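Let's take a walk through this model together, starting with its pockets and ending with a few side chains. Have your viewer ready.

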Amino acid sequence: MPLSHPRRSALSEQVITALRAQITSGEWPVGARIPTEPELVEQLGVARNTVREAVRALAHNGLLDIRQGSGTYVVATSELAGVMHRRFADADPRHIAELRSTLESAAARLAAERRTEKDLKQIDALLLRREEAWESGEAEVFVAADATFHLAVVAASHNDVMTAMYADLSEVLRDWLRGDMGEDMSPEAHMDHGRLVDAIRAGDAATAAEEAAAYPFMCRPGPFGPPSAG
């Protein structure tokens, strides 16, 4: 992705835009390590200082995390997602569960009423991927698959504002799930989402909302019930 060479300030903005595009497009997904500074210099055709300035700007905005001795990693897909991630990093897990329950219940109700055949195919495919991810025994793979499945359900609501808000909260919700799961990926800890998908397919808004609302509280250990992965 070679760039033209306008004045330096504009060039820095151009590099920031180019790097942000790699993140928002999914080319560099959350959790991925981005190319090294020398690699970016070669790819972009700009000076090392310009690349460094752009990376630091995106780190300041919460999209990247610079880890000394390890590299630079994507931690959010937008500035707002980065802000959300920092703002709620130490939030009470119960409050995150309540937020997730409220959002996903409302979205599932709308999804049951508005879903298209294309939505159903996407949800079915992502449900299968979620099951396969659990069977793999790799926690981070499952967290990503679970988050993608739930985002697809929210997207099937065809409420663009709700979908965008949920996407911006995605890293907050992923952190919550990581903490909830711990190391337990036994068959007993798995939570099936088939009933939710069946309700959405059947157009049963009340059951879809009820299923989605219950999952986060069934996930939480202690007063919310046995530990399971949402």
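Which helices and strands each supply at least two residues of the lining of the largest pocket? They are helix H1 (8-24), strand S2 (71-74), helix H7 (139-155), helix H8 (160-168) and helix H9 (170-181). Helices (H or I, at least four residues) and strands (E, at least two) are DSSP runs, numbered from the N terminus. Before going on, please note that this is a predicted model, where local features need pLDDT of at least 70, side-chain atom pairs count only at pLDDT 80 or more, and totals for chains, interfaces and linings use all residues. Residues are numbered from 1 along each chain as its sequence is written, and side-chain values use heavy atoms, with hydrogens and water left out.

The largest pocket has a volume of about 550 Å³. Of its 32 lining residues, Val-30, Thr-77, Ser-170, Glu-171 and Arg-174 are the closest to the centre. On a 1 Å grid over the protein atoms alone, a pocket is an open set of points where a 1.4 Å probe fits, with protein on both sides within 12 Å along at least five of seven lines; lining residues have an atom within 4 Å of a point. Points are joined across faces, edges and corners, and the volume is the space filled by probe spheres set on them. H7 gives the most to this lining, with eight residues. Domain 1 (10-77) and domain 2 (81-219) each contribute at least three residues; these bounds come from an automatic or database domain assignment.

Next comes the second largest pocket, with a volume of about 350 Å³. Among its 18 lining residues, Glu-37, Val-55, Ile-66, Gly-71 and Thr-72 are the closest to the centre. Helix H2 (37-44), helix H3 (48-60), strand S1 (64-67) and S2 give two or more residues each, and H3 gives the most, with four.

Now for the side chains. Arg-130 lies in helix H6 (residues 117-136). Why does Arg-130 count as buried? Because its relative accessibility is 0%, and buried means under 20% relative accessible area (1.4 Å probe, protein chains only). Its side chain makes a polar contact with the side chain of His-193 (3.3 Å); such a contact is a pair of N or O atoms within 3.5 Å, one able to donate a hydrogen and the other to accept it, and residues adjacent in sequence count only if both atoms are side-chain atoms.

Finally, the structure holds one aromatic pair. The rings of Trp-134 and Phe-142 have centres 4.9 Å apart and planes at 80°, so they are edge-to-face. Rings of Phe, Tyr and Trp (its six-membered ring) pair if their centres lie within 6.5 Å, and planes over 60 degrees apart count as edge-to-face. Both Trp-134 and Phe-142 are buried.

Terms used:
Buried means under 20% relative accessible area, exposed over 50%, partly exposed in between (1.4 Å probe, protein chains only). Rings of Phe, Tyr and Trp (its six-membered ring) pair if their centres lie within 6.5 Å; planes under 30 degrees apart count as stacked, over 60 as edge-to-face and the rest as tilted.
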